[in-house]
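Subject: Structure handover

Hello,

Here is the model we talked about. Please open it alongside this note.

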Amino acid sequence: MKNQKRIAVVGAGLGGLSAAGFLQRAGFDVTVYEQAPSFSRIGAGIILSANVMKALRRLGAEGALVEAGIKPHSYISRAWDSGEKMYEIIFDAASEERFGGPYLNIHRGDLHAVLEHVVTPGTIIFNSRLIDLKETSHSVRLVFDNGVETEADIVIGADGIRSRVREFLLGNEAPRFVGSVAHRAIFATESLRGFEIPDCTKWWGRDRHILPYFMTSRRDEIYAIGVVPQATWDSDAASLPSSRDEFLAAFDGFHDDLRRVLEAAEDVSVWPIYDRERNDRWSGGRIVLLGDACHPMRPYMAAGGAMAVEDGAILSRCLATFDEPAEAFRCYEATRIPRVADVQRISIENSWMRGPTDTDWFYCYDPCTAPLTPPS
Ligand SMILES: Cc1cc2nc3c(=O)[nH]c(=O)nc-3n(C[C@H](O)[C@H](O)[C@H](O)COP(=O)(O)OP(=O)(O)OC[C@H]3O[C@@H](n4cnc5c(N)ncnc54)[C@H](O)[C@@H]3O)c2cc1C
């Protein structure tokens, strides 16, 4: 793409920052607009699988991420009551060779601290909440709540599940509460008082599951996320405070190895889980969506962030390949939608790595080299 050089990315989340990093390396003039005044250290962990790590390697971030996070020895699935091991995938030199990259667990704050540096200094403009878009034949005008207006040749909506850019493209439709909430806690390993746990274990109950894992290679901090059914969520808040007792009650009857972890939990909060139905329109005119803005999914496969990063890598390649935005966007949609749809389906089923699983199609994928599907 030779003429449309100015790209505005709305949202400095995982997807927006990665996309901006790829686009800058492809020679585009990129600015990222973020509504928050600065990055805050969100109290949660995140899993970055090999497909994401390969992409982030191209942005020069792999070393710092490995330094900040932990390459777990393995991921284990266990039955909630008997503790029976249902599946284990070992992450070692052989798996890294096979997948082309490591599997990493990390604190989200540490991830963001690294991602800030994948774009050139001055790329991110904070305190800029997009409120409107005005499209003309040759550009798009962005209007922010601080009174600033600016113009870009292409706008990328990377503004998350309640995307304003999506609303502009597809109309206003609230995300869907899926009937489950997630209890989350981060706490120091020393609260376990010597009780040893594996690096990453998912405990599978009949209608609920829980995943405690370490977030640093020092194994000094544990993140636990436990998902339980709940009929409604009546609050406007993104999360509400919970407690260790509520967390324990939600996993009553679970194996002692798990309950001993929950007995050490501190700073527990509870979060509603939302997604949206699959939607195959990700673009219009000079505007395109990525990540949670177009395909928010239930977090049961731990892959929403991975999909956002892959989107950014593929979108950047499509924009570098085709002069016309419409053609680039058709290629992007044709390449991304089938893979994302599979991940959305598996996330709804909550079946990923419950038992023996073919993981190659997911982990071996490299969005920086995977074939692009030509626009139809
Ligand atoms: C409980 C839970 C656990 C998860 N665990 C994992 C995991 O282990 N691995 C994984 O890969 N994924 C995981 N995910 C999914 C992952 O967090 C999301 O898919 C990912 O954060 C999406 O990235 P994004 O950049 O599209 O959106 P976001 O991360 O939501 O970023 C959007 C950004 O846009 C900004 N913004 C919003 N509106 C505006 C506006 N109008 N103007 C300007 N800026 C705006 C926001 O402030 C934010 O910075 C999990 C999700 C949940 C809920």
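A crossing of two helices is right-handed if the near helix is turned clockwise from the far one by less than a right angle, and left-handed if anticlockwise. By that rule, α1 and α9 cross in the right-handed sense. One caution before the rest: this is a predicted model.

**α1 on α9**

Helix α1 covers residues 14-25, and its axis comes within 8 Å of the α9 axis. The two cross at roughly 25 degrees. Angles under 35 degrees count as roughly parallel, so α1 and α9 are roughly parallel to each other. From α1, the contact takes in Leu14, Gly15, Ser18, Ala19, Phe22 and Leu23. From α9 come Gly305, Ala308, Val309, Gly312, Ala313, Ser316 and Leu319. By class, the contact of α1 with α9 has eight nonpolar and five polar residues. No charged residue takes part in it.

**α9 on α10**

Helix α9 (residues 304-321) also packs with α10. Here the angle is about 160 degrees, and the axes are 8 Å apart. That makes α9 roughly antiparallel to α10, because angles over 145 degrees count that way. This crossing, of α9 and α10, is right-handed.

Which residues of α9 meet α10? They are Met307, Glu310, Asp311, Ile314, Leu315, Cys318 and Leu319. Across from them, α10 brings Ala328, Phe329, Cys331, Tyr332, Thr335, Arg336, Arg339, Val340 and Val343. The contact of α9 with α10 divides into eleven nonpolar residues, one polar and four charged. Leu319 of α9 is listed in the contact with α1 and in the contact with α10.

Take Arg336 in helix α10. Is Arg336 buried or exposed? Its relative accessible area is 0%. Buried means under 20%, so Arg336 is buried. Not counting residues up to four places away in sequence, Arg336 touches Trp282, Met307, Glu310, Asp311, Ile314 and Tyr365. Among these, Met307, Glu310, Asp311 and Ile314 are on the α9 side of the helix contact.

Glu333 is buried, with a relative accessible area of 14%. It touches Arg281, Trp282, Ser283 and Pro338, again leaving out residues up to four places away in sequence. Glu333 and Leu315 are 18 residues apart in sequence. In space they are 8.7 Å apart, C-alpha to C-alpha.

**The six-stranded sheet**

Now the sheets. Six strands form an open sheet with mixed pairing, in the order β7-β2-β1-β11-β19-β18. At the edges stand β7 (124-125) and β18 (283-284). Each has a single partner strand, so one side of each is left without a neighbour in the sheet.

Val155 stands opposite Ile287 in β19. Helix α10, residues 325-349, lies across β11, β18 and β19. The helix runs at about 15 degrees to β19.

**The three-stranded sheet**

Three strands form an open, antiparallel sheet in the order β8-β9-β10. Its edge strands are β8 (130-135) and β10 (149-152), and each pairs on one side only. Neighbouring strands are turned by 25 degrees against each other on average, direction ignored. Between β9 (residues 140-144) and β10 the antiparallel pairing runs over four bridges. Arg141 stands opposite Glu151 in β10.

**Two positive phi values**

Two loop residues are worth a look. Arg193 has a positive phi of about 50 degrees although it is not a glycine. Arg193 lies in the loop between β12 (176-188) and β13 (201-204). At 77% relative accessibility, Arg193 counts as exposed.

Asn350 has a positive phi of about 55 degrees, and it is not a glycine either. Its place is the loop between α10 and α11 (360-363). Asn350 is buried, at a relative accessible area of 17%.

Best wishes

Key. Residues are numbered from 1 along each chain as its sequence is written. This is a predicted model: local features need pLDDT of at least 70, side-chain atom pairs count only at pLDDT 80 or more; totals for chains, interfaces and linings use all residues. Side-chain values use heavy atoms; hydrogens and water are left out. Two strands pair if DSSP finds at least two bridges between them. Contact means heavy atoms within 4.5 Å. Axes are lines fitted to C-alpha atoms, for helices over the stretch in contact, and angles run from 0 to 180 degrees between N-to-C directions. Angles under 35 degrees count as roughly parallel, over 145 as roughly antiparallel, 65 to 115 as roughly perpendicular and the rest as oblique. Ala, Val, Leu, Ile, Met, Phe, Trp, Tyr, Cys and Pro count as nonpolar, Asp, Glu, Lys and Arg as charged, and the others, Gly among them, as polar. Buried means under 20% relative accessible area, exposed over 50%, partly exposed in between (1.4 Å probe, protein chains only).
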